Amino acid sequence: MALSDNIRKLREENGMTQQQMAEQLYVSRQTVCRWENGSRTPDLDMAERIAEIFHVSVDELISAEEKQGISFENISLHTEKFIERKRLKEKQKRILDFIQLVGAVYLVITLFMRVQMEMSVPAWVILIALPVEAVAIGLNLAINRKLEKMSE
């Protein structure tokens with residue numbers, strides 16, 4: 001019996017609707033529906049949570065046929081995607097930290113110029129800060145697009 005059939009069988013045996021199961025797992029009803037019709041499969045963490053809800057082991061949840069179908073190529077491909085996604089998220093965090101830093105420095109310079117020196121901010125400060133921020137924001141958007149493509 002396939003994973004999708006096992007999920008449906010366990011849910012029905014426990015007198016649970018797709019909506020009730022979805023609420024317990026903090027996913028949408030559509031997600032549960034996709035698991036049951038086989039168009040999607042839950043990841044390992046979610047499979048563990050499903051098994052826990054129905055008081056079965058993950059082995060019982062996954063059929064023998066599907067275990068045989070698992071190849072190390074798929075696992076290594078998934079691992080590579082995971083590593084790349086993690087690398088991109090770390091890069092994105094550094095860029096966002098940089099954007100905040102540049103904004104804070106600009107704010108300090110502006111306040112210092114206005115309060116201490118009683119003059120307006122020189123144009124060169126704006127001409128440096130704006131392009132730097134624009135480039136950082138552009139890099140952040142590019143990373144967001146890459147992450148979205150990886151999620152598809």
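1. His 55 is exposed, at a relative accessible area of 72%, where exposed means over 50%, buried under 20% and partly exposed in between, with a 1.4 Å probe and protein chains only. His 55 sits in the loop between H4 and helix H5 (58-61), and its phi is positive, near 55°, in a residue other than glycine. The model is a predicted one, in which local features need pLDDT of at least 70 and side-chain atom pairs count only at pLDDT 80 or more, while totals for chains, interfaces and linings use all residues. Residues are numbered from 1 along each chain as its sequence is written, and side-chain values use heavy atoms, with hydrogens and water left out.

2. Tyr 26, in the loop between H2 and H3, also has a positive phi, near 60°, and counts as exposed at 74% relative accessibility. Most residues other than glycine have a negative phi. Gly 38, which follows H3, has a positive phi near 85°.

3. The axes of helix H2 (residues 18-25) and helix H3 (residues 29-37) come within 8 Å and cross at roughly 110°, which makes H2 roughly perpendicular to H3 (65 to 115 degrees). In their contact (heavy atoms within 4.5 Å), residues including Met 21 and Leu 25 of H2 meet residues of H3, among them Val 32 and Trp 35.

4. Val 32, Trp 35 and Glu 36 are the buried residues of H3, and they lie on the same side of H3 because they cover an arc of only 95° around the axis. Their cover includes helix H1 (3-13), H2 and helix H4 (44-53).

Technical notes
Axes fitted to C-alpha atoms, helices over the stretch in contact; angles between N-to-C directions. Helix = DSSP H or I, 4+ residues; strand = E, 2+ residues; numbered from the N terminus. Parallel < 35°, antiparallel > 145°, perpendicular 65-115°, else oblique. Arc of directions from axis to C-beta.
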